[in-house]
Amino acid sequence: CKESFKFMKELLNDFKLEIKEIYKCYRISHFSMYLTKQNYSLNKELENQIQNFKIIDEDLNEEISFTENNILVGISENGKYQNMISGNTIVMFYQLWEDKFRKQIADKLSVEKNDVKSFIFSDLNILRQSIIHNNYKPIKEFKKISMLNFNMSDSLKLSSKDVSIIYHSII
């Protein structure tokens, strides 16, 4: 029993560490968007007319162009790109639980994976399905979300605050 407790404690600690790394990656991406917007604004001051703002990666020989609208609207807190990185992060949180740790817990408890339940991850699964399978529109089960507080609307707008709340709910 003591070994089992130690194993579960280590497993949950590993889970928290991996969740923290996903969250760090999210925060870096989030911050990078704002640096891009700031860089755009500085360039705009120097050069009044900017047709396209470009990110050039010489190592990959790749160039990505953004319009002014992409930068000013897409990178805002409720913009398209913020929503996308928030959605990706939430899906990663859920998948880490579902595809790795839930199975390990079930194996240690000698039960089926579906017998290992979590309210927060049940909510995240509904959110994940809305993001992945319904293009950021709430699925009908969205009303069942109990631990997370989301407004029911035609589409999900996921902010950095939403991701932070989910992260801290998991940790």
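This is a predicted model: local features need pLDDT of at least 70, side-chain atom pairs count only at pLDDT 80 or more; totals for chains, interfaces and linings use all residues.
We can begin with the helix pair α1 and α3. Helix α1 spans residues 2-46, and helix α3 spans residues 80-109. Their axes lie 10 Å apart, and the packing angle is about 170 degrees. Angles over 145 degrees count as roughly antiparallel, so α1 is described as roughly antiparallel to α3. Sorted by class, the residues in this contact comprise 18 nonpolar, seven polar and four charged.

The model holds six salt bridges by the rule applied here. One of them joins the side chains of Lys-100 and Glu-18, with 2.5 Å from N to O. Because Lys-100 belongs to helix α3 and Glu-18 to helix α1, this pair ties together parts that are 82 residues apart in sequence.

Helix α3 also packs against helix α5, which covers residues 160-170. Here the axes are 9 Å apart and the angle between them is about 15 degrees. Angles under 35 degrees count as roughly parallel, which means that α3 runs roughly parallel to α5. The crossing of these two helices is left-handed. On the α3 side, the residues in contact are Gln-82, Ser-86, Thr-89, Ile-90 and Phe-93. Facing them from α5 are Ser-160, Val-163, Ile-166, Tyr-167 and Ile-170. Taken by class, six residues of the α3 and α5 contact are nonpolar and four are polar, while no charged residues take part.

The next partner of α5 is helix α4, made up of residues 119-132. The axes of α4 and α5 come within 10 Å and cross at roughly 150 degrees. With the limit for roughly antiparallel set at over 145 degrees, α4 and α5 are therefore roughly antiparallel to each other. Their crossing is left-handed. Helix α4 contributes Ile-120, Phe-121, Leu-124 and Leu-127 to the contact, and α5 contributes Ile-166, Ser-169 and Ile-170. By class, this contact has six nonpolar residues, one polar residue and no charged ones.

Finally, we turn to the strands. Strand β1 (residues 53-57) pairs with strand β2 (residues 62-66) in the antiparallel sense, over five bridges. Within this pairing, Ile-55 stands opposite Ile-64 of β2, and Asp-57 has Glu-62 in β2 as its bridge partner. The two strands form a hairpin with four residues between them. In this hairpin, Asn-61 takes a positive phi near 50 degrees.

Note on methods: Residues are numbered from 1 along each chain as its sequence is written. Side-chain values use heavy atoms; hydrogens and water are left out. Axes are lines fitted to C-alpha atoms, for helices over the stretch in contact, and angles run from 0 to 180 degrees between N-to-C directions. Angles under 35 degrees count as roughly parallel, over 145 as roughly antiparallel, 65 to 115 as roughly perpendicular and the rest as oblique. A crossing is left-handed if the near helix is turned anticlockwise from the far one by less than a right angle, and right-handed if clockwise. Contact means heavy atoms within 4.5 Å. Ala, Val, Leu, Ile, Met, Phe, Trp, Tyr, Cys and Pro count as nonpolar, Asp, Glu, Lys and Arg as charged, and the others, Gly among them, as polar. Two strands pair if DSSP finds at least two bridges between them. A salt bridge is a side-chain nitrogen of Lys or Arg within 4 Å of a carboxyl oxygen of Asp or Glu.
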